[in-house]
Amino acid sequence: MTSRSSGTDMIAELLIATFFGLLLLGIHRKIIARIQRRPGPPIWQEILHMLKFSFKTTWIPKTASPVLFVGVVLIAIGIWTAAFYVLISGGSLLVIFGIYMLHKIVEHGFGLSSGSPYSKYGGVRSVISAASELPLFVSVAVIAVYTRSLDLSAIMYYQQVHGPLLIIAFPAACAMFIVILSKMPFGPFSIVEAKELVSGYKTEHFGIWRAGLEICNGLKTYVLIAVFLAVFIGPLSLPWLLVGMILMIVILAFACAVTPMMSPFDSVTIQMLVTALMLVYAAIVLMVVQP
Amino acid sequence: MIDLVGGVPLYILEFGDELVYLTPYTITLFLLALTFTVLALISQPEKQIDIAFGGDAYRAKEISVDEMRFRRFMAIACGLATMGAMVTGDIFNFTLFTAMVGITNVGIVAAVKSPHVQDAAYQYGLVALAATVPLFAGAAVYAAVTGSLSMIELMKGTVPAVPLIAKGMLMLGVIGEGMAPFYAAKAEMFRAPGAPYVIMCSLSSLLIFLRVVEIIMLG
């Protein structure tokens with residue numbers, strides 16, 4: 001009975017996280033639209049998208065690799081579900097960031113599996129923009145140097161004692177913010193979904209497969225922002241966590257609204273520059289904190 | 001310094017000189033490698049469409065059965081090498097698996113009859129070849145300084161601290177196998193049709209990179 005109710009709770013938490021993540025993406029779109037003096041869609045538009053695609057006609061393109069075409073959708077939902085449970089169980093930060101990096105492969109799989117040139121270029125751009133993940137690991141290394149652990153629960157406990165890492169390791173927080181920004185739609189680093197590629201890697205995924213992709217995006221947004229708050233602010237009660245997440249999405253939306261989308265070359269160059277700066281910062285931290 | 005980087009080891013298998021251990025982190029990576037290897041095993045390749053810019057012409061690339069068989073074999077070999085690298089607890093074995101990933105990555109696209117892909121595979125092969133020098137040198141320094149190549153011993157902290165240069169060489173060797181900024185040639189390899197096999201090229205590099213992050217944090 002206990003295991004059944006806890007299993008039900010876990011599924012409920014997963015559903016709430018998915019819908020809240022989609023709502024955050026809707027808020028993101030709305031804010032960008034208002035900054036650009038457009039009315040924009042309602043904030044629940046992404047939830048409607050997901051529901052709409054769930055009931056639309058589904059097909060697999062004649063040119064696609066059918067097993068891979070469907071398989072990557074399931075893998076995408078699977079890896080972010082795993083990341084969500086690692087987050088709520090206070091597990092290893094390294095597992096979450098490993099999953100974050102593997103999302104690139106999922107995007108690549110989405111892009112290549114259909115045979116469409118548009119989605120293929122979206123997938124290839126996704127792999128090229130893997131440079132954005134390197135600052136992430138420098139951030140993780142810096143956090144590890146301070147907290148001597150990579151367990152989320154231990155990192156949050158450290159912040160209860162010493163104060164938020166946002167203040168102690170501000171450059172690491174900035175680097176992780178850029179990493180999250182690179183995953184937001186309509187952002188300066190969103191080269192995988194550029195308009196010249198129609199919808200990039202997801203061009204050919206329609207119907208239930210697209211709904212699966214929307215679920216993955218909602219969950220991913222929730223997990224990434226919640227991890228940022230857990231790692232750099234510390235433990236928060238549920239109301240404060242939700243407020244913090246909305247605040248984060250507002251900041252991200254402003255960053256996306258006021259910066260143009262970069263070319264793939266510029267995007268990768270800037271990410272490499274951030275990596276270089278973070279390496280210098282990590283070296284300084286290593287010498288000062290752990291001589 | 002930092003213990004239990006990838007979580008508490010759930011299972012340790014000591015088999016002579018061989019050592020395999022599973023933590024939540026390595027299990028996650030292993031399962032991903034296994035999933036994509038199974039996908040490479042059971043998936044048919046897609047028919048990649050090429051469009052002629054400025055016109056309406058397009059054509060689908062077909063993959064012959066012989067080519068598909070060879071590439072599928074290399075993709076599975078790549079998956080097996082990646083899985084080995086994910087669960088091994090021995091640094092020398094890890095470097096061997098990493099080198100094998102580099103070789104199989106070239107093999108995955110070697111049968112594609114496209115000059116662009118062949119050029120890219122050749123250039124990638126040169127970079128991967130050069131990267132094996134710091135890779136094995138890093139492992140040698142690990143052995144020289146600590147007297148052990150066991151990751152469990154490094155985790156316990158019973159051996160002398162590993163110098164930063166050894167960790168740097170190990171990381172450089174892995175990055176040379178296909179991570180930024182050495183992945184330019186690899187991106188060109190993705191022109192090749194055959195999605196289930198080509199994906200193994202990027203997946204293997206990424207997983208090896210994720211594993212080496214854990215390794216350099218030990219000891």
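Biologist: How many residues does helix 12 of chain A have, and how far does the helix reach from its first C-alpha to its last?

Modeller: This is a predicted model. Helix 12 of chain A, residues 264-289, has 26 residues and reaches 37 Å from its first C-alpha to its last, close to the 38 Å expected at 1.5 Å a residue.

Biologist: Which residues of helix 12 of chain A are buried?

Modeller: An α-helix has 3.6 residues a turn, so residues three or four places apart point the same way. In helix 12 of chain A, the buried residues include A:Ser267, A:Gln271, A:Val274, A:Met278, A:Tyr281 and A:Val285. A:Val268, A:Thr275 and A:Ala282 are buried too. Among the elements that cover the buried residues of this helix are helix 5, helix 6 and helix 9 (170-181) of chain A.

Biologist: How many residues does each chain give to the contact between chains A and B?

Modeller: The size of an interface is often given as the accessible area lost when the parts come together. Here we can count residues: chain A gives 38 residues and chain B gives 39 residues. On the side of chain A, helix 3 (66-88), helix 4 (93-113), helix 5 (117-128) and helix 6 (134-147) each supply two or more. Helix 4 of chain A gives the most, with 11 residues. By class, the side of chain A that touches chain B has 22 nonpolar, 13 polar and three charged residues.

Biologist: What about chain B: at what angle do helix 1 and helix 2 of chain B pack?

Modeller: Angles over 145 degrees count as roughly antiparallel. Helix 1 (residues 24-42) and helix 2 (residues 65-87) of chain B pack at about 170°, with their axes 9 Å apart, and are therefore roughly antiparallel to each other. Among the residues that meet are B:Leu29, B:Phe30 and B:Phe36 from helix 1 of chain B, and B:Ile76, B:Met83 and B:Arg72 from helix 2 of chain B. This contact has 12 nonpolar, four polar and one charged residues.

Biologist: And how do helix 4 and helix 6 of chain B cross?

Modeller: The axes of helix 4 (residues 115-146) and helix 6 (residues 164-176) of chain B come within 7 Å and cross at roughly 155°; the two helices are therefore roughly antiparallel. Their crossing is left-handed. The contact residues divide into 17 nonpolar, four polar and no charged.

Biologist: Which residue takes a positive phi just after helix 4 of chain B?

Modeller: B:Gly147, with a phi of about 75°. Within helix 4 of chain B, buried residues include B:Tyr124, B:Pro134, B:Leu135 and B:Tyr142.

How values were computed. Residues numbered from 1 in each chain as written. Chains lettered and ligands numbered in written order. Predicted model: local features only at pLDDT ≥ 70, side-chain atom pairs only at ≥ 80, totals over all residues. Contact = placed C-beta atoms within 7 Å. Helix = DSSP H or I, 4+ residues; strand = E, 2+ residues; numbered from the N terminus. Nonpolar A, V, L, I, M, F, W, Y, C, P; charged D, E, K, R; others polar. Expected span 1.5 Å × (residues − 1). Buried ≥ 20, exposed ≤ 12 C-beta atoms within 10 Å, placed from the backbone. Axes fitted to C-alpha atoms, helices over the stretch in contact; angles between N-to-C directions. Parallel < 35°, antiparallel > 145°, perpendicular 65-115°, else oblique. Left-handed = near helix turned anticlockwise from the far one by under 90°.
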